[in-house]
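Please open the model in your viewer and keep the selection tool at hand.

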Amino acid sequence: MGSPTEATRASLSPLFHPRAIAVYGASSDPTKIGGRPLDFLKGSGFDGPLYPINPKAAVIQGLPSFATVSAVPGPVDLAIVAVPAPAVLAALEDCAAKGVGAAVVLSSGFAEVGGQGAEWQLGISALARRTGMRVVGPNCMGVINVKRRILGTFTPSAAGFGLVPGRISLVSQSGAFGGYCLSLIRQRGLGLNLWVTTGNQSDVDFADCVSHFAQDEGTQVIVGYIEAATDKARLIAALELARDNGKRIVVMKVGSSEAGAQAAASHTASLAGSDQVYDGLFRQYGVYRARSIDELFDIAYACSLSTPTPQGRRLGLLTVSGGVGALMADVAAECGLDVAPMPEDAQRRLKEILPFCGPRNPVDMTAQLVNDLSLFEKNFVLMLEEGGYDLIVAFLSSVGQVLDLSSALLLQLQKVLARFPDRTVIVSMLASPEVRKVYEAAGVMLFDEPTRAVRAARALVHFAQEAQRARTRSAPPVLPAPALAPPRHAVNEAEAKAVLASAGIPVVRELVAATADAAARGAVEIGYPVVLKIASADIAHKSEIGGVIVGLQDEAQVRAAFGTLLQRAKTHAPQARIDGVVVAQMAGKGVETILGVVRDPVFGAVVMFGLGGVFVEAFKDVAFRVAPFGVDEARAMIDEVKGRILLTGLRGQLPSDEAALAEAIAALSVYAARHEAAIESIDINPFVVLPRGQGALALDALIVPRAKG
C-alpha cells in the first residue's frame with residue numbers, strides 16, 4: 001500500500017468499530033498490561049472474536065492463542081500491542097502483513113525516554129505511512145467504544161465496565177489523565193460514547209480523533225486534553241469539521257506556564273506552542289477552553305443533554321436564598337451574561353404573589369416555597385413571560401434530598417418546560433442519586449453547586465453564539481494583485497510601510513529624504529505639520545535614541561530637525577546604515593493600537609492585536625488569531641481586548657473607526673498567511689484608529705524577514 005496523503009488518511013473506523021480484535025503480547029495474568037485488555041474484553045460483552053497473540057502459550061485466559069497475528073484464521077481489524085518496546089516494530093509489521101486496519105501500542109519506552117526509544121518511534125511512524133495501518137501510541141492507554149462494549153485498555157478505571165452509553169467522546173494525549181477522566185465519567189454517571197488516549201502520537205494524533213468524532217453520529221460533545229499540536233493543518237481542519245457539523249468541543253490545554261510547557265514537552269516529547277496562540281485558536285473555532293477538571297466535565301455534561309439552545313444571553317436567576325442569588329449574579333456578570341432586572345410591572349405582580357420576595361433578578365422566593373409549592377410555577381412563568389429570559393438557573397438548596405418535595409416540584413417544572421419549550425432551565429440543588437436520575441430522565445440539568453450551574457449556562461450561550469457565528473462568518477479578503485513580496489533583508493520603516501500598503505493596509509503619506517533640501521521640499525509636498533524620523537534598517541526602536549521629532553511647522557524647523565536626527569544617529573548608533581530621514585504627515589488624533597504578526601513554531605503566521613501604551617506593555621492585553629481570517633474574526637479580536645472601551649469614545653471623544661481597524665487586521669492576516677515562510681515577524685506600532693468614518697493609519701512598521709536555515 002502506498003503512503004497515504006493528508007487528504008486520504010485512512011479512516012479510524014477499525015480503531016473505534018472493530019469486528020475482531022487481537023491482543024499482541026497477551027498474558028494469562030489479568031493484572032498485567034498484556035492481560036488486562038483481554039480480561040476486560042472477555043468480561044465486557046464484546047460480540048466479536050478475540051485472538052490472544054503469544055508464541056509461548058497455546059491457551060490464554062481460556063482462549064486459543066496464536067504465535068503471530070498472521071496465523072489467525074480470520075480477519076482482524078484492531079490489534080492491541082503490549083509487548084516490550086524492542087519487539088513492537090516486529091509486531092506491527094506482522095499486523096500490517098495481516099491487513100490489520102489499526103493498532104494500539106500500549107508499550108512505553110519510546111520518544112518519551114529518548115535515545116533508542118526515539119528511533120523506534122520514528123520506525124513506527126514510517127511503518128504507518130508506508131502501510132496505511134493507523135497506529136495509536138506508543139505509550140498510551142488504549143481505546144473504548146461503550147456501545148460496542150469494547151475495552152481496549154489496561155487502565156483500572158475500566159474494570160467492571162460500569163459505563164453508560166451517551167453522547168460524549170473523549171480524546172486525551174495523556175494516558176493517566178484519560179484514565180482519571182474515565183473514573184470521573186463513571187462516578188458522575190455521564191453518558192460516554194468513544195474514549196481514546198493518543199500517547200506519543202507516532203501516527204494517530206489528537207486532531208485525527210477530533211475529526212473522527214466530528215463525523216460520528218453518536219457524538220454530540222467532544223472532550224479533549226491536549227498538551228501540544230503536531231500538525232497545524234490537521235488540527236484546524238478537525239476543528240472546522242466539528243464546528244460545521246454542530247459538535248461542541250470542550251478542551252483542557254496544559255502548558256500555559258513555562259513550567260507546564262516544559263512538563264508537557266518532557267512527557268510526550270512534543271513542543272508546546274504559545275499558550276496565547278492556542279487560546280486564540282480555540283476562540284477562532286468556537287472551542288470552549290475549560291480551566292479546571294470540574295469545569296471540563298460540567299460543560300460536557302451540560303452540552304450532552306437534550307436541552308434547548310439559548311437564543312440569547314439574558315439570564316434569569318430564581319432562588320430560595322438571597323445570599324446565593326447575589327453570588328450567582330456576581331458569577332453571571334463575570335461570565336458576561338445579562339442579568340437584566342424584571343420589568344417594573346412584573347416586579348409588582350411578583351410582590352402581589354409573595355409580598356416579602358425579592359422581585360428584581362435574582363428573584364428570591366425565600367423559604368416560603370416549601371409552604372406553597374405553587375410559587376415555583378408562578379414565579380417561573382412570570383419570569384419567562386415578562387422577563388424574556390433565554391435561560392433560568394433556579395437554586396433550590398437541599399430540596400432534592402426530599403423525594404416527595406422534589407417530585408412535586410418536578411411536576412410543576414415539567415409544565416413550565418412544556419409551555420416554554422424554547423427556553424433553557426438549569427436547576428441547582430443537593431439531590432439524592434434517585435432524585436437526580438428522575439430529574440435528568442425528564443431532561444432537567446442538575447448541579448449541586450450554584451455557581452457551576454451559572455458557568456454551565458454561560459457555556460451553552462457560548463456554543464449558541466458560536467453556531468450563529470459559523471453561519472455568518474466572512475471569508476478572508478482577497479490579497480491585492482500588486483502586493484509586494486516581503487523583503488529578504490532588513491529594511492527601513494518607509495520600505496516596510498510600502499510593502500504593507502501594497503497589501504491593503506493604510507499607511508501615512510511619507511517619503512525618504514537624503515538631504516535637508518529634499519526634506520524641506522517633501523514637507524511642502526506632504527503638507528505641514530510633519531514628523532521627521534531616522535530612516536535606518538539598523539535602528540528598530542528610533543524613539544529610544546531620540547530619532548523621532550514631531551509637530552514641525554515650517555521649513556526652518558524641518559532643516560534643523562534633519563541635522564539633529566543625523567547627529568543623534570551618529571552619536572547613539574555610529575555603526576548603523578542611515579538611508580536618510582523619513583518625512584511623514586502628522587496623523588489626526590485617534591486611538592493608538594498595535595497590529596503584529598509572529599511566527600509560531602506550530603501554527604505559522606499568527607496575527608496579534610492590542611491597544612497601545614500600558615495595555616500591551618503592562619497588562620499584556622492582546623488577542624491572537626491564526627492567519628488567515630475575515631473581518632468578522634478581526635472584530636471578535638477587537639472585542640476580546642479589555643482596552644477596547646477606548647475605541648468606543650470616552651469623555652466626549654468620538655467613537656473610533658472600528659470598521660477600518662477590522663479591515664486592516666484581516667488584510668494583514670491574508671498577507672501574513674500568503675508569505676509566512678518568508679516572515680519572522682511584523683510590527684505595526686502605532687496603528688492609529690481615527691474617528692468613525694475617517695479610517696486608520698500605520699504610523700510606523702517593522703518587518704523582520706525569516707532567516708534562511
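A residue is called buried when its relative accessible area is under 20%, exposed when it is over 50%, and partly exposed in between, using a 1.4 Å probe and protein chains only. This is a predicted model, in which local features need pLDDT of at least 70 and side-chain atom pairs count only at pLDDT 80 or more, while totals for chains, interfaces and linings use all residues. Residues are numbered from 1 along each chain as its sequence is written, and side-chain values use heavy atoms, with hydrogens and water left out.

**Stop 1: a buried pair**

Select Lys542 and Asp700. Their side chains form a salt bridge, with 3.2 Å from N to O; the term stands for a side-chain nitrogen of Lys or Arg within 4 Å of a carboxyl oxygen of Asp or Glu. Lys542 sits in the loop between β21 (530-535) and β22 (548-552), and Asp700 in the loop between β28 (696-698) and β29 (701-705), so the pair ties together parts that are 158 residues apart in sequence. Both Lys542 and Asp700 are buried. The helices (H or I, at least four residues) and strands (E, at least two) named on this tour are DSSP runs, numbered from the N terminus.

**Stop 2**

Select Arg473 and Glu633, whose side chains meet in one of them at 3.5 Å, N to O. Arg473 belongs to the loop between α16 (450-472) and α17 (493-502) and Glu633 to helix α21 (residues 631-640), so this pair joins parts that are 160 residues apart in sequence. Is Glu633 buried or exposed? Glu633 counts as buried because its relative accessibility is 3%. Arg473, at 24%, is partly exposed.

Next, select Asp345 and Arg348, which form a salt bridge at 2.4 Å, N to O. Both lie in helix α12 (residues 344-353), 3 residues apart, about one turn of the helix. Asp345 is partly exposed at 40% relative accessibility, and Arg348 is partly exposed at 42%.

**Stop 3: an open sheet**

Show the strands β16, β15, β17, β18 and β19, which in that order form an open sheet of 5 strands with parallel pairing. The edges are β16 (363-364) and β19 (445-447), each of which pairs on one side only. Two strands count as paired if DSSP finds at least two bridges between them. Strand β18 (residues 424-428) pairs with β19 in the parallel sense over 3 bridges. Select Ser428 to find one end of a bridge; its partner in β19 is Phe447.

**Stop 4: a buried tyrosine**

Select Tyr439 in helix α15 (residues 433-441). Tyr439 counts as buried because its relative accessibility is 2%. What does Tyr439 contact, leaving aside neighbours within four places in sequence? Its contacts (heavy atoms within 4.5 Å) are Ser406, Leu409, Leu410, Leu413, Met429, Val444 and Leu446. To end the tour, select Gly400 as well: its C-alpha atom is 9.5 Å from that of Tyr439, and the two residues are 39 residues apart along the chain.
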